Amino acid sequence: MDNALTTFWNRNKIILKSFLIGFLILLLLIPTVFIQDLVSERQQRQKEAVTEVGSRWAGSQTIAGPAIGIPYTETVTDQGKTMEVKKWAYFLPGELAVHARIVPEKRYRGIYQVIVYTTEVRIEGSYDSLHIAELNIPPGRILWNEAAVFLDITDVRGLKEEVKLHIAGSDLDLVPAKFSNEQFKNALSASLPGLVTARGAIAFSATVRLKGSENLLFVPLGKSTTVQVGSSWPNPSFTGNYLPDLRTVQDSGFVAEWKVLYLNRNYPQQWKDASYDITSSAFGVNLIVPVDSYQQTTRSVKYAVLCILLTFTAFFLIEWIYSKPIHSMQYLLVGVALCIFYTLLLSFSEYILFNGAYLVASLATIGLIAWYVKSILQSAKMSLFIAGLLTLLYGFIFTLIQLQDYALLMGSIGLFITLAVVMYFSRKIKWN
């Protein structure tokens, strides 16, 4: 019986060893799943740090306005009872121009970097004549003395000083939630008694100084809205429904300009007795951290199976072409070293830039595996061969991570060349 098993092993040992190596590769995929979970956990902690700093500084800011609201009364009948109900009509400016200058600041929560900012926003423009007749509101129903103006700011904790609106020749102090209605529940507002009429243009201007974090967005309420934003931050991400018409991004900062027409949005210039989600049309800029190491680490982990497969294939070819027996446990230890590379990459990237972390982790892993190969095979030549192979492999993967648009093309070409090399050297194996 023993002779039969020995004979069977001798005849099929290459195939059996291949299956064993395949099993080890599948086994080593388990820790890569845990590593991906670890990356997600650290990324979540970073987001929590951003949220915590934002809660104490000020959050993302969206500026909408100014908009004029004029209440009116309407007679309604409910269950046989007739009553007077006050409703609101809203009017948006004809011209709206916004100029903003953002001053970024770096804050830290533990090891995590958070970008916050202060900004001065200059708002100016004018209203055309209020075409109330188009809303079919009887003139006697309009409550002109209760007219109000609204300027909506997402997080009023970020205001650095009082906001004054110069409109129709008067200076108004805007205060939070003075006039609360369905459209503008928590907006800054002020009363406009005697300052607006159905006819005549109304000019306005205001300067808002506030703090925020991450995003600074603007809502295009004007029939024609122009926005210009500048900052010394060199890594902006333009976000929202509209990309800038003009933009200049340099190491010294950026300048961006937008022009949005009312035809480009999904709500009208004036309406009554309704509420629109006007912030859905917001656009602006996000001050992002230049390198998100967690995203790059996640992409690196996705290539773990490729690293393990190609390394084990090289070991397999060395074992059978050069008659250098390698124990299964030695395969496993090398695979564990390849997996630990990603934990090194993750931990170092939290303190230094991703490129530096990748270099440190890859040099440490290559050095450890090369030393181990020299010890078990007693061959400096094989050690240098494995070190060179891993250097090419990690360099190839690093290139794929950097070339986002061409990653699939380069990856396909690289895998094809690798397969050709493996097929070339496998010719020397006597499978029978």
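1. Val-229 is in contact (heavy atoms within 4.5 Å) with Ala-100, Ile-102, Phe-218, Phe-254, Val-255, Ala-256, Trp-258 and Val-285, leaving aside residues up to four places away in sequence. The model is predicted: local features need pLDDT of at least 70 and side-chain atom pairs pLDDT 80 or more, while totals for chains, interfaces and linings use all residues. Numbering runs from 1 along each chain as its sequence is written, and side-chain values use heavy atoms, without hydrogens and water.

2. Val-229 is also among the residues with the most contacts inside the largest nonpolar core, together with Val-121, Ile-123, Phe-218 and Leu-221. A nonpolar core here is a set of buried Ala, Val, Leu, Ile, Met, Phe, Trp, Tyr and Cys residues joined through side-chain atoms within 4.5 Å; buried means under 20% relative accessible area with a 1.4 Å probe, protein chains only. This core has 68 residues, and strand β1 (residues 61-78) gives the largest share, 6 residues.

3. Helix α3 covers residues 304-321, and 14 of its 18 residues are buried. Ser-323, which follows α3, has a positive phi near 55 degrees.

4. The protein chain has 7 helices and 16 strands, taken as DSSP runs (H or I, at least four residues; E, at least two) numbered from the N terminus. Of its 432 residues, 45% are buried.

Key: Expected span 1.5 Å × (residues − 1). Buried < 20%, exposed > 50% of the residue type's maximum accessible area, 1.4 Å probe, protein only.
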